[in-house]
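This report is written for a reader who has the sequence and the coordinates at hand.

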Amino acid sequence: MDDPRDEPLLPAPRGPLSRAVTTYLRGAGPLPSEAEVAAAPVYGEDLQLALYLCYELHYRGFADVAPTLEWDPDLLRTRAAMERRFLAALREDAPRHASVDDALAGILVEPVDGTGVSHFLRDKGELWQLREYAALRSLYHLKEADPHAWVLPRLRGRAKAAMAAVEFDEYGGGRADRVHARLWADLMTDLGLDTTYGRHLDAACAEALVTVNLMSLFGLHRTLRGALVGHFATVEITSSPGSRRLAEAMRRTGAGPAAEHFYDEHVEADAVHEQVVRKDVIGGLLEDEPELAPDVAFGVAATVFTEDRLGDRLLADWGEGRSALRTPLLQEVTHGS
């Protein structure tokens, strides 16, 4: 996974906005106009891909893009215009909560008759659907914990120490073979998927891009540190029960031992992380900066909102027996391991 091939090539554009950004990154044309940014549907393929491309420069970048463009002023202005639209839409569309406790209450207790993606995959998902799910989630899991690490220099005291402890676990507790991104690559290998970083970007629907862009948006802005903590808390609280169901899905379909292990690992680890995040990360942050409580609640709500949109898309497609991917997913040789 620390291979030169981990810098992917730029993906195919999905409209005028992402085409202009792609062209600019190649040094072959101007950035999109303000009118093009304003005209693109905020949760649509074009704007979300363009925003993803801008964000990815702060992770691994692209093999065919100059690293110096990470801090290109004109590109940052274009990114900011897209971010303003994205953030405004999230604030408008995500549910509003009176307090952090109110926001967390909705995810702390699971409904008896749950109908989400992990329930579907556990009960009747087929191997091809698990492969699609893994390909979509690889956009995050091959850089698992990286967006959340940006919050560390923005915290202090108890919140910083607790966040660092959880992140240490995410990065394998000092062991390269236990880094969660490494475990995800092993899962993909079991499923016959190419593990090259960014390999499945062209296949990912807009709803999947939104979920990854959300954490990059929160992570890259110090003013949104409370929202990033809310996002992180939501991920940790919902991970353990969801991972248990997905581990059962992997076992039922014979996906393979590494595929089972990834989710088995998260059942135990994230049950512990949930307590640490709620008590010490959120508790410590709000003890130091109580004025950030609305941002934490917003981070929880926005995470649930975007994950529900992706879940609805997957279940609608799979319920009709069709692929949820934009491009076919073939049996592939693995790379980047």
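## Basis of the values

This is a predicted model, in which local features need pLDDT of at least 70 and side-chain atom pairs count only at pLDDT 80 or more, whereas totals for chains, interfaces and linings use all residues. Residues are numbered from 1 along each chain as its sequence is written, and side-chain values use heavy atoms, with hydrogens and water left out.

## Cavities

A cavity is here a set of points, on a 1 Å grid over the protein atoms alone, where a 1.4 Å probe fits but cannot get out, and its lining residues have an atom within 4 Å of a point. Grid points are joined across faces, edges and corners, and a volume is the space filled by probe spheres set on the points. By this rule there are three cavities of 30 Å³ or more. The largest cavity, with a volume of about 50 Å³, is lined by Tyr-52, Ser-138, Leu-139, Leu-142, Lys-143, Thr-196, Tyr-197, Gly-198, Arg-199 and His-200. Its lining divides into four nonpolar, four polar and two charged residues, where Ala, Val, Leu, Ile, Met, Phe, Trp, Tyr, Cys and Pro count as nonpolar, Asp, Glu, Lys and Arg as charged, and the others, Gly among them, as polar.

The second largest cavity has a volume of about 40 Å³, and its lining consists of Cys-54, Leu-57, His-58, Leu-69, Glu-70, Leu-75, Leu-76 and Arg-79. Five of these residues are nonpolar, one is polar and two are charged. Helix 4 (residues 73–93) gives the largest share of this lining, three residues; helices (H or I, at least four residues) are DSSP runs, numbered from the N terminus.

## Helix 14

Just after helix 14, Gly-321 takes a positive phi of about 75°.

## Salt bridges

The structure holds 22 salt bridges, each defined as a side-chain nitrogen of Lys or Arg within 4 Å of a carboxyl oxygen of Asp or Glu. One of them joins the side chains of Arg-14 and Glu-45 at 2.5 Å, N to O. This pair links distant parts of the chain, since Arg-14 lies in the segment before helix 1 (16–25) and Glu-45 in helix 3 (residues 45–56), 31 residues apart. Arg-14 is buried, with a relative accessible area of 13%, whereas Glu-45 is partly exposed at 24%; buried means under 20% relative accessible area, exposed over 50%, and partly exposed in between (1.4 Å probe, protein chains only).

Asp-64 and Arg-26 also meet in a salt bridge, at 3.9 Å, N to O. Here Asp-64 belongs to the loop between helix 3 and helix 4, and Arg-26 to the loop between helix 1 and helix 2 (34–39), 38 residues apart. Within helix 4, by contrast, Arg-77 and Asp-74 lie three residues apart, about one turn of the helix, and the closest N and O atoms of their salt bridge are 2.1 Å apart. Arg-77 is exposed, with a relative accessible area of 54%, and Asp-74 is partly exposed at 36%. Finally, Glu-207, Arg-313, Asp-317 and Arg-322 are linked in a network of salt bridges.

Key: On a 1 Å grid over the protein atoms alone, a cavity is a set of points where a 1.4 Å probe fits but cannot get out, and a pocket is an open set with protein on both sides within 12 Å along at least five of seven lines; lining residues have an atom within 4 Å of a point. Helices (H or I, at least four residues) and strands (E, at least two) are DSSP runs, numbered from the N terminus.
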